[in-house]
Amino acid sequence: VSVAFIDPIYYESTVTVLNFLTDKITTGSVIIFDDWFAMRNLPDYGNQKACNEWASQHNIRLSPFFSFGGTGMVFTVQ
């Protein structure tokens with residue numbers, strides 16, 4: 001996967017999507033979260049919680065690339 005656009009807001013839905021992507025991404029892949037900041041930018045909710053747990057479990061490093069539209073965030077896989 002070169003680019004993945006992830007649009008769920010809630011933790012459980014985001015976990016499902018990220019688990020699907022685990023073996024499909026590589027260094028340089030771009031991951032876009034449409035609702036990264038939707039839960040008031042709290043890291044223990046929604047996209048942020050799911051992504052932080054997933055990255056830690058799979059030893060995946062993400063580098064922030066840019067934010068967009070007030071709630072979106074783009075990362076590159078390192």
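How much accessible surface does the chain have, and what share of it belongs to carbon and sulfur atoms? The accessible surface comes to about 4,600 Å², and 53% of that belongs to carbon and sulfur atoms (Shrake-Rupley method, 1.4 Å probe; for residues, only the protein chains shown count as cover).

This is a predicted model, in which local features need pLDDT of at least 70 and side-chain atom pairs count only at pLDDT 80 or more, while totals for chains, interfaces and linings use all residues. Residues are numbered from 1 along each chain as its sequence is written, and side-chain values use heavy atoms, with hydrogens and water left out.

**View 1. The whole chain, element by element.** Welcome to the overview: two helices and four strands follow one another from the N terminus as β-α-β-α-β-β (DSSP runs, H or I of at least four residues for helices and E of at least two for strands, numbered from the N terminus). The C-alpha trace spans about 30 × 25 × 15 Å along its principal axes. Of the 78 residues, 36% count as buried (under 20% relative accessible area, with exposed meaning over 50% and partly exposed in between; 1.4 Å probe, protein chains only).

**View 2. Asn 47 and its surroundings.** Asn 47 belongs to helix H2 and, at 1% relative accessibility, counts as buried. Leaving aside residues up to four places away in sequence, Asn 47 touches Pro 8, Ile 9, Thr 14, Phe 33, Asp 35 and Trp 36 (contact means heavy atoms within 4.5 Å).

**View 3. Two loop residues with positive phi.** Arg 40, in the loop between E2 and H2, has a positive phi of about 60 degrees although it is not a glycine. Its relative accessibility is 72%, so Arg 40 counts as exposed. Asn 59 sits in the loop between H2 and strand E3 (62-68), and its phi, near 55 degrees, is a positive value in a residue other than glycine. Asn 59 counts as exposed because its relative accessibility is 72%.
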